[in-house]
Amino acid sequence: MPSNKSVSDAPIVQFTNCRILRDHQLQREDLWVREGKILNPEKLFFDEKGSADVQLDCKDSIIAPGFIDVQINGGFGVDFSLATDDFKSGIDLVSQKILSHGVTSFCPTLVTSPPSVYHQVLPQINVRNGGTHGAGILGAHLEGPFISKEKKGAHPEHCLRTFEAGAFQDLLATYGSLNSVQIVTLAPEMRRSSEVIRELTKRGICVSLGHSVANLSQAEEAVQHGATFITHLFNAMLPFHHRDPGIVGLLTSDKIPAGRRVFYGMISDGIHTNPAALRIAHRAHPKGLVLVTDAIAGMGLAPGRHTLGQQVVEIDGLNTYIAGTKTLSGSVATMDTCVRHFQEATGCSVETALEAASLHPAQLLGIEHKKGTLNYDSDADFLMLNDSLYVQATYIAGEEVWRQDVSGM
């Protein structure tokens, strides 16, 4: 029989005895991978007359797309909002460590900072593929400084800015460059925000609404100009009110342009959002829910004092506060913990919980043709999980980059 080398010399790996998350369902079939991509076995058998070079028994694991974290401020002592000489080694450390949480791609997030920090840090954030060195970097998420003083949360007030005469030029001057930027969070009620939203959208940058006192019509107008995301729903925005539901009302708005979907981030750590609020959001708009960690430098470290950009924060159990206050400041939750808590709190299916951390963020960023699914020709970034959704192994481009050490268990 002709060998499978007719198309490529690369080895073909067949993952057997597994349940694959595909088309919103766990399906009992094998997963075939070659050269970092997921293969269509029918084409392999019938067109190439090919077969597997290596077979791996997955022992009845779930195989799901790798998690994508679009809001992570740091972790393991590294703060992405601090301009340091060894920033690159810090981002490398975080990208390596989050592989054990099932994260295969992420958006390093900077909270409100002085322009000098953006000018120093952003040139050091390079979009890159993941691999044994760590999770892939999809581009930066800039959360602020164009946000509301009333809803600044853990953001330093003295660094907040408004759009002055130049509007988009003001934003460019503040950030220095948009080359590696994937998401910008801003408050849509700010004067001249509409033209800024249009300009960012035109450049393929996702605009997110957050840290805001916007009413519903201001939020709807922002979406009509191109905004597609809500930063940590319920946190740092006006609370839901039945006569004017504010940004929260976008979940059921009838003013969203045809063919567009509004996504919303949720910190499903059991601290930032009551499980009842999580259930309300999920039932109102299940296809828009994107799980984010909003993790800070203290994630993975012992309780105590750590930083979040210009602020000192205190970790007490799972709570993180600006030191000396009760203002929440990011989380120390890991993505796999958020997925499990979301499933437990909402009673949703395993498939739904996994897609909120993979498919939905990929759709938000417009990369679902290669990330966030296990469709044929997609990047082979995937996880092996047990039935309780604990990550057993992480793969990027078909290569194992992390595995649970069971020797000591």
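Trainee: Where is Ser331 found, relative to β19 and α8?

Mentor: Helices (H or I, at least four residues) and strands (E, at least two) are DSSP runs, numbered from the N terminus. Ser331 sits in the loop that links β19 (319-322) to α8 (335-346). Keep in mind that this is a predicted model, where local features need pLDDT of at least 70, side-chain atom pairs count only at pLDDT 80 or more, and totals for chains, interfaces and linings use all residues. Residues are numbered from 1 along each chain as its sequence is written, and side-chain values use heavy atoms, with hydrogens and water left out.

Trainee: Is Ser331 buried or exposed?

Mentor: Buried means under 20% relative accessible area, exposed over 50%, and partly exposed in between (1.4 Å probe, protein chains only). Ser331 is buried, at 0%.

Trainee: Which residues does UniProt place under "binding site"?

Mentor: UniProt positions follow the numbering used here, feature names are shortened, and annotations may be inferred rather than shown by experiment. The unreviewed UniProt entry gives this feature to Glu143, His211 and His232. They span 90 residues in sequence, yet no two of their C-alpha atoms are more than 10.9 Å apart, so they gather at one spot.

Trainee: What joins the side chains of His211 and Glu143?

Mentor: A polar contact, meaning a pair of N or O atoms within 3.5 Å; within protein, one must be able to donate a hydrogen and the other to accept it, and residues adjacent in sequence count only if both atoms are side-chain atoms. Here the distance is 2.8 Å. Glu143 belongs to strand β11 (residues 140-143), while His211 lies in the loop between β13 (206-209) and α6 (216-224).
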